Amino acid sequence: MIGKVRRGGRVAGLLRYLYGPGKANEHVNPHLVAGWRDPDELEPPPRADGKRDFTRLTTLLRQPCAAIGEAERVWHCIVRAAPQDRDLTNAEWARVAREVMHRTGLAPYGQEAEAVRWVAVHHGDNHIHIVATLARQDGGKARTSNDFYRLREACRAVEAALGLRRTAPGDRTAAKRPTRAEREKTGRRGWSQIPREGLRRQVVAAAAGAASSEDFLGRLAQVGVRVRLRRRDDGKVAGYAVALDHHRTAAGALVWYGGGALAPDLTWPKLCVRWRRTPRDELREKVAVAARDARDEQEFFRRLAEQGVLVRLRHSQTHPGEVTGYAVSLPGLTRTADRDGRGSGQQVWYAGGRLADWLTLPRLRHRWRTGGEDWTRAEREALYGEATRAASAAAARIRDDPALADDAAWVAADALRVAAAALGNPVLAKAAEEYERAARTPFGRIPTPSPEGIRLRSAVRLLALSGVMSRDTTLTGVVLVGALTSLVSAVADLRRVQQHAAQAAAARQAANRLLTQVTVSATHPAHPQPVRLPQDPPGQPESTAREPRHAW
């Protein structure tokens, strides 16, 4: 059972619509099933022309507003049973309506003479409309805060009481669904996807691999997403909105969506939490970017300086002019005093090999000598391996300490997204979409950071630096997908123990998809059949036909 809340200002017009034929004669036998009084007493009587007379009912509903001198405000709630549910009786719909009014606090049980005035109309199709005026009969103001979530609680309570199909709780973990107007506009224009959903996918992908707010905004600009920032009085960014060039209003203005209008974890404050990192992680990412883009040693150190990285060179003792290594640091990265009060204020340096084996100066020089403009196979496998180890550690954290597991579960969504892009794997991309809800904590809470979560996020950002690595099935790729499968399975078990049914179902669905991918990738066909390519000439001998390859 699902419910939707709308607000308006004309109770008379709404009643006429509910008792009318509808937009396509879909309204059948409209009548009241419940109200703040006996519905038989409130039922609008028929007139001589066969139409209903709403004068008395409209006047009664408007009276509390007039009594306190406020403009007419209407609360309109639609409650619908699932298509698989049986048709409910009038008495059962009345029970649904009273439970909704009680749970939302608009008309609690026992306050029929003090709370708001309301009626429930049933006109077929196994749903009802609840109409209330937002003014209490005792002169107070009706409160509607969090009415949508209270409505969700009412629906779940009625489902249990009447034996109806169970639906997910309103825990603020689901992505925002497109409105009916957005769906219809997409169909009329012939767009391939609804703008809200397309923007959510673009923002999620950009946030997954971004290392900073600047990186995030740059990734959105690369894919053609318009961004508008909202700043505070001190100039700091407080929020953002995104838009697509082709999605405009009738007047030609862009249609903007704030991050929270796309998904609960895409608000600016929650994105900023993703970009928190240790100094070592920040240095490793900056050095990796410089190493990827540089063509020689001089350009490498120049790019580090442009990113604000401090560099200290190590020279040979036998050949003083020869550079044998380097170390990096950040401005302000100094040691704190130890127990004896020593070491305070000393700069903290990280050698290239301490950041990653493939970031030592000899390895980088070999890269530049061979003219490599892309990641080498060894570097790629190192990135795979780091992500695999981090995912395995995160899965272990979830199983060993569920109290601190939410951070690892949240990061797993980014790991799936980035791995799907790096491997060019559409199965992983689909699993990432299915998993999204499982990653979010209920009611918009930000998870407590954990060492495993921080480590996995750092590995994910390094993986994102490489772009699409390869579509070939490699052992390291299969191992990475296997580690992600274990991580997602651990999250599914965690959400089940936490009794978060919708999140557990999302994680389990993603885990099953990943498990199928691992099985197919690691298993060769028992009897591979030759495949004749379209460009092969007719009559080509079967011995020269190409064999199918297992590929991402």
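**Figure 1. Sequence separation of contacts in the predicted model of the chain.** Among contacts with a separation of 6 or more, 64% join residues 24 or more positions apart. The secondary structure behind this view comprises 19 helices and 11 strands. Of the 552 residues in the chain, 47% are buried.

**Figure 2. Overall dimensions of the C-alpha trace.** The trace extends about 110 × 80 × 50 Å along its principal axes. The radius of gyration of the chain is 31 Å, whereas a compact globule of 552 residues would have one near 24 Å.

**Figure 3. Surface and charge of the chain.**

**Figure 4. Helix α4, residues 90-103.** This helix of 14 residues covers 20 Å between its first C-alpha and its last, close to the 20 Å expected at 1.5 Å a residue. Just after α4, glycine 105 adopts a positive phi of about 80°.

**Figure 5. Buried residues of α4 and their cover.** The buried positions of the helix include the charged residues Glu92 and Glu99. Trp93, Ala94, Val96, Ala97, Val100 and Met101 of α4 are likewise buried. The cover over the buried residues of α4 includes the strands β2 (31-35), β3 (74-80), β4 (118-122) and β5 (127-133). Helix α5 (147-162) also contributes to this cover.

Methods
Residues are numbered from 1 along each chain as its sequence is written. This is a predicted model: local features need pLDDT of at least 70, side-chain atom pairs count only at pLDDT 80 or more; totals for chains, interfaces and linings use all residues. Side-chain values use heavy atoms; hydrogens and water are left out. Helices (H or I, at least four residues) and strands (E, at least two) are DSSP runs, numbered from the N terminus. The radius of gyration is taken over C-alpha atoms; the globule rule is 2.2 Å times the number of residues to the power 0.38. Buried means under 20% relative accessible area, exposed over 50%, partly exposed in between (1.4 Å probe, protein chains only). Contact means heavy atoms within 4.5 Å. Accessible areas come from the Shrake-Rupley method with a 1.4 Å probe; for residues, only the protein chains shown count as cover. The place of a charge is taken as NZ of Lys, CZ of Arg, CG of Asp or CD of Glu. The expected span of a helix is 1.5 Å times one less than its number of residues.
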